[in-house]
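Subject: Structure handover

Hello,

Here is the structure you asked to take over. My notes on it follow below.

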Amino acid sequence: RSWHAGVVTADSSRWLTVPDLVELLGVSPGRIHRLLEDHSLLAVRRDKVLMVPEEFLRDGEPLHELRGTLILLADNGFSGDEAMEWMLSPDDMLGTSPIEALRQGRKAEVRRVAQAMAF
């Protein structure tokens with residue numbers, strides 16, 4: 001995986017902390033951690049703080065298409081950092097970043113590309 005540098009270098013327009021997510025989603029910190037555990041959201045540590053890219057949310061909730069994609073990446077051996085890097089980095093096969101393609105409604109295409117990377 002040429003895009004993996006051992007640390008997430010891809011960027012988000014805005015990184016959200018757990019307290020930010022509590023406020024934005026109107027749920028408890030425990031619920032945020034459950035969303036992370038069940039792959040509805042993905043977070044990485046930036047400066048020792050757990051953070052989620054704003055692009056992973058839509059209309060005050062986690063992007064619905066994200067969960068299956070994150071599960072597929074985890075099943076294919078991606079670490080959290082590797083999955084985050086891939087989700088935020090431009091992909092030649094998609095013509096944009098996977099998260100942007102998901103936001104455009106291209107879930108099946110994103111998952112095909114993710115599945116192909118496992119081989």
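In what order do the elements of the protein run from the N terminus on? The order is β-α-α-β-β-β-β-α-α-α-α. That gives six helices and five strands. Please keep in mind that this is a predicted model. Of the 119 residues, 45% count as buried. Among the contacts with a separation of 6 or more, 61% are between residues 24 or more positions apart.

The sheet

Three strands make up an open sheet, ordered β1-β3-β2, and their pairing is antiparallel. The edges are taken by β1 (15-17) and β2 (44-46); each has a single partner strand, so one side of each is left without a neighbour in the sheet. From one strand to the next, the twist averages 55 degrees.

Between β1 and β3 (residues 49-53) there are three bridges, in the antiparallel sense. In this pair, leucine 16 stands opposite valine 52 of β3. Helix α1 (residues 18-25) packs on the sheet, where it touches β1 and β3. The direction of α1 makes about 90 degrees with that of β1.

Helix packing

Two packed helices are described by the angle between their axes and the distance between the axes. Two pairs are listed here, and α3 belongs to both.

The crossing of α3 past α4 is right-handed. On the α3 side the contact is made by Leu66, Thr69, Leu70 and Leu73, and on the α4 side by Ala83, Trp86 and Met87. Sorted by class, this contact has six nonpolar residues, one polar residue and no charged residues.

The second pair is α3 with α6 (residues 107-117). Here the axes lie 10 Å apart, at an angle of about 5 degrees, which makes α3 roughly parallel to α6. Gly68, Thr69, Leu72 and Leu73 of α3 meet Val110, Arg111, Ala114, Gln115 and Met117 of α6. By class, the contact of α3 with α6 has five nonpolar, three polar and one charged residues. Thr69 and Leu73 of α3 take part in the contact with α4, and Thr69 and Leu73 are also listed in the contact with α6.

Two buried residues

Where does phenylalanine 56 sit? Phenylalanine 56 is in the loop between β3 and β4. Its relative accessibility is 0%, so phenylalanine 56 counts as buried. Leaving aside residues up to four places away in sequence, phenylalanine 56 touches Leu41, Leu42, Glu61, Pro62, Leu63, Leu66, Met84, Met87, Leu88 and Ile99. Of these, Leu66 belongs to the α3 side of the contact with α4, and Met87 to the α4 side. Phenylalanine 56 and serine 12 are 44 residues apart along the chain, with their C-alpha atoms separated by 9.7 Å.

Isoleucine 32 is in helix α2 (residues 29-37). It is buried as well, with a relative accessible area of 0%. Not counting residues up to four places away in sequence, isoleucine 32 touches Val18, Leu21, Val22, Leu25 and Val27.

Positive phi

Most residues other than glycine have a negative phi, and most peptide bonds are trans. Two residues to look at on this point are lysine 48 and aspartate 59, and neither is a glycine.

Lysine 48 has a positive phi of about 70 degrees. It is found in the loop between β2 and β3. Is lysine 48 buried or exposed? With a relative accessible area of 77%, lysine 48 is exposed.

Aspartate 59 has a positive phi of about 55 degrees. Its place is the loop between β4 (57-58) and β5 (61-62). The relative accessibility of aspartate 59 is 73%, so this residue counts as exposed.

Regards

Conventions. Residues numbered from 1 in each chain as written. Predicted model: local features only at pLDDT ≥ 70, side-chain atom pairs only at ≥ 80, totals over all residues. Heavy atoms only, no water. Pairing = 2+ DSSP bridges. Helix = DSSP H or I, 4+ residues; strand = E, 2+ residues; numbered from the N terminus. Axes fitted to C-alpha atoms, helices over the stretch in contact; angles between N-to-C directions. Contact = heavy atoms within 4.5 Å. Left-handed = near helix turned anticlockwise from the far one by under 90°. Nonpolar A, V, L, I, M, F, W, Y, C, P; charged D, E, K, R; others polar. Buried < 20%, exposed > 50% of the residue type's maximum accessible area, 1.4 Å probe, protein only. Parallel < 35°, antiparallel > 145°, perpendicular 65-115°, else oblique.
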